[in-house]
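Subject: Structure for you to look at

Hello,

Here is the structure I promised to pass on. Please open it first, then read my notes below.

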Amino acid sequence: MIWAIVIAVVIFIAFKLGSTSGQVVGSVNSSGGMRVKYAKLLENILGGHKNSKIFVETRTYIWAGVSNYGGTTLFHIQQSTGNKVIIQYEVKDNPVVPSYQLEWTFPDDMDQDEMMAVMALDIQKKMMQM
């Protein structure tokens with residue numbers, strides 16, 4: 001009897017996760033995909049360095065930035081549930097700046113120039129602390 005309850009709970013959780021994931025993917029797809037939905041944000045990120053590029057793109061995730069002899073600077077853009085976007089900023093392997101990460105959660109319909117302004121200010125504050 002206990003196994004039946006455990007199996008039922010596992011099936012219920014898997015169904016809920018699959019349903020939520022499907023809603024997130026559907027939301028991004030209806031906006032034209034991640035590159036289209038976050039085009040302004042990507043334009044700002046990719047315009048920051050001539051060697052910037054998109055490294056990975058899935059239906060709900062983009063990993064963009066630059067990686068070369070001077071270190072790695074990456075933005076991870078993840079579409080999340082509840083009409084939110086999670087953006088992680090990562091600096092590593094830089095000979096001048098110690099490795100660090102920052103993270104923001106924004107409403108996914110927020111103006112992307114405003115998102116970038118908030119992130120730039122937070123990055124500037126972090127750099128001033130070092």
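Contact here means heavy atoms within 4.5 Å. Keep that cut-off in mind for the packing notes. The model is predicted.

Overall layout

The protein chain has four helices and five strands. Along the sequence they run α-α-α-β-β-β-β-β-α. Of its 130 residues, 32% count as buried. The accessible surface is about 8200 Å², and carbon and sulfur atoms hold 59% of that. Take the contacts between residues at least 6 apart in sequence: 33% of them join residues at least 24 apart.

Helix H3

H3 covers residues 39-46, and Leu41, Leu42 and Ile45 are buried there. Down the helix axis, the buried residues of H3 fall within an arc of 95 degrees, so they line one face.

What covers the buried residues of H3? The cover includes two helices, H2 (34-37) and H4 (112-129). It also includes the strands E1 (53-57), E2 (61-68), E3 (71-80) and E4 (84-92).

Helix H4

The 18 residues of H4 should span 26 Å at 1.5 Å a residue. The end C-alpha atoms of H4 are 26 Å apart, which agrees. Its buried residues are Gln112, Met115, Met116, Met119 and Ile123. Met128 and Gln129 are exposed, on the face of H4 turned away from its buried side.

Against which elements do the buried residues of H4 pack? They pack against H2, H3, E3, E4 and strand E5 (100-107). H4 also has a cap at its N-terminal end, supplied by Asp111. A side-chain oxygen of Asp111 lies 2.9 Å from the backbone nitrogen of Asp113.

Strands E1 and E2

E1 and E2 pair in the antiparallel sense, over four bridges. A hairpin of three residues joins E1 to E2.

Thr72

Thr72 sits in strand E3. Is Thr72 buried or exposed? Its relative accessibility is 8%, so it counts as buried; the cut-off for buried is under 20%. The side chain of Thr72 makes a polar contact of 2.9 Å with the side chain of Ser67. Leaving out residues up to four places away in sequence, Thr72 touches Val66, Ser67, Glu90, Val91, Lys92 and Asp93.

Two backbone angles to check

Asp93, one of the residues that Thr72 touches, is found in the loop between E4 and E5. Asp93 is not a glycine, yet it has a positive phi of about 55 degrees. At 59% relative accessibility, Asp93 counts as exposed. Asn83 lies in the loop between E3 and E4. Asn83 also has a positive phi, about 55 degrees, although it is not a glycine. For background, most residues other than glycine have a negative phi.

That is what I have.

Best wishes

Technical notes
Residues are numbered from 1 along each chain as its sequence is written. This is a predicted model: local features need pLDDT of at least 70, side-chain atom pairs count only at pLDDT 80 or more; totals for chains, interfaces and linings use all residues. Side-chain values use heavy atoms; hydrogens and water are left out. Buried means under 20% relative accessible area, exposed over 50%, partly exposed in between (1.4 Å probe, protein chains only). The arc is that of the directions from the helix axis to the C-beta atoms. A polar contact is a pair of N or O atoms within 3.5 Å; within protein, one must be able to donate a hydrogen and the other to accept it, and residues adjacent in sequence count only if both atoms are side-chain atoms. The expected span of a helix is 1.5 Å times one less than its number of residues. Accessible areas come from the Shrake-Rupley method with a 1.4 Å probe; for residues, only the protein chains shown count as cover. Two strands pair if DSSP finds at least two bridges between them.
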